[in-house]
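Subject: Structure for you to look at

Hi,

Here is the structure I promised. Please open it and keep it on screen while you read.

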Amino acid sequence: MFRQLVHSLSPSLVQSGRWSSLACSTNLALFSTQTTAKMSLEEAKKCAAYKAVDEYVKDNTVVGVGSGSTVVYAVHRIAERVKAEGLKLVCIPTSFQARQLIIEHGLVLGDLECNPRLDCAIDGADEVDAKMVLIKGGGGCLLQEKIVASCADRLVVIADYTKDSAKLGQQYRKGIPIEVAPMAYVPIKGKVESRFGGTLKLRMAVAKAGPVVTDNGNFILDWSFPADKEHDWDAVNREIMMIPGVVDTGLFVGMATKAYFGQQDGSVTERSA
């Protein structure tokens with residue numbers, strides 16, 4: 001039935017790319033309940049990504065490309081606009097995945113050596129609280145993501161409705177990633193647990209024996225922090241960063257400009273810093 005709907009659209013609508021935006025508001029009740037649940041999450045990601053790209057990506061700019069499943073939709077939309085509008089962009093990746101997405105979509109690949117200042121960076125998040133503090137690094141790319149974000153005039157976050165929380169830890173239960181030098185992971189684990197409580201666990205790989213190794217050759221500790229008390233995340237982040245061997249944390253404090261959250265019904269809610 002959905003395929004019949006697509007074929008009923010005018011060719012000009014489909015070819016122009018407006019179908020992609022229209023799809024975000026299409027009634028997903030055409031599908032079964034199980035399919036709708038799955039599609040809702042992906043459509044939510046897509047709608048948030050498309051709106052962010054349409055509002056923030058401009059001609060003759062340098063754009064940071066984040067990592068993760070939602071960013072895939074953002075890169076697809078950027079490529080659509082480059083083709084349709086002839087935009088001149090340079091894209092800076094935040095990971096191996098982001099680099100491959102840029103190359104596969106035929107976009108201009110750049111780096112921070114030649115482009116130390118970015119107009120905007122578009123990236124996902126594992127969780128966003130009411131104060132626009134982010135947890136990032138579920139995909140293991142937190143260091144390069146934070147470096148690129150720090151070079152951008154605006155960090156724009158794209159996510160689905162499950163990433164929107166009043167406080168950190170409300171929905172994302174995998175903890176705050178901390179990227180560490182391999183030789184220091186045990187002492188860092190002990191110091192963070194002693195100072196702040198909670199537990200830290202070395203992230204283990206799925207398709208290889210042993211721990212996850214980041215694009216930078218480091219390990220990741222996931223910190224399940226105490227959720228029953230208030231935290232000054234800026235102070236916590238600064239203190240953890242002072243521990244020798246800590247490379248960076250997945251706490252992004254005071255960095256995000258705006259967040260777009262795709263909803264189940266195809267709408268998008270926004271939050272500004």
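Below are my notes on its cavities and its nonpolar cores.

First, a caution: this is a predicted model.

**Cavities**

Rolling a probe the size of a water molecule over the atoms shows where empty space is left. A search of the whole structure turns up two cavities of 30 Å³ or more.

The largest cavity holds about 40 Å³ of space. Its lining includes Thr94, Cys141, Glu179 and Asp215. Helix α7 (residues 142-150) gives the largest share of that lining, three residues. By class, the lining has three nonpolar, five polar and two charged residues.

The second largest cavity has a volume of about 30 Å³. Among its lining residues are Gly64, Thr94, Ile122, Glu145 and Leu155. β1 (61-65), β3 (120-123) and α7 each supply at least two lining residues here. The classes are six nonpolar, three polar and two charged.

**Cores**

In soluble globular proteins, nonpolar side chains tend to be buried together. Here, the largest nonpolar core has 29 residues. Val57, Val65, Leu107, Ile122, Ile158 and Tyr260 touch the most other members. Elements giving two or more residues to this core include β1, α5 (69-85), β2 (89-93) and β6 (155-160). α4 gives the most, with seven residues.

Take a look at Val57. Setting aside neighbours within four places in sequence, Val57 is in contact with Ala52, Val63, Ile78, Arg81, Leu87, Leu89 and Ile122.

A second, separate core has 23 residues, including Ile176, Phe219, Trp223 and Trp233.

Best wishes

Methods
Residues are numbered from 1 along each chain as its sequence is written. This is a predicted model: local features need pLDDT of at least 70, side-chain atom pairs count only at pLDDT 80 or more; totals for chains, interfaces and linings use all residues. Side-chain values use heavy atoms; hydrogens and water are left out. On a 1 Å grid over the protein atoms alone, a cavity is a set of points where a 1.4 Å probe fits but cannot get out, and a pocket is an open set with protein on both sides within 12 Å along at least five of seven lines; lining residues have an atom within 4 Å of a point. Grid points are joined across faces, edges and corners, and a volume is the space filled by probe spheres set on the points. Helices (H or I, at least four residues) and strands (E, at least two) are DSSP runs, numbered from the N terminus. Ala, Val, Leu, Ile, Met, Phe, Trp, Tyr, Cys and Pro count as nonpolar, Asp, Glu, Lys and Arg as charged, and the others, Gly among them, as polar. A nonpolar core is a set of buried Ala, Val, Leu, Ile, Met, Phe, Trp, Tyr and Cys residues joined through side-chain atoms within 4.5 Å. Buried means under 20% relative accessible area, exposed over 50%, partly exposed in between (1.4 Å probe, protein chains only). Contact means heavy atoms within 4.5 Å.
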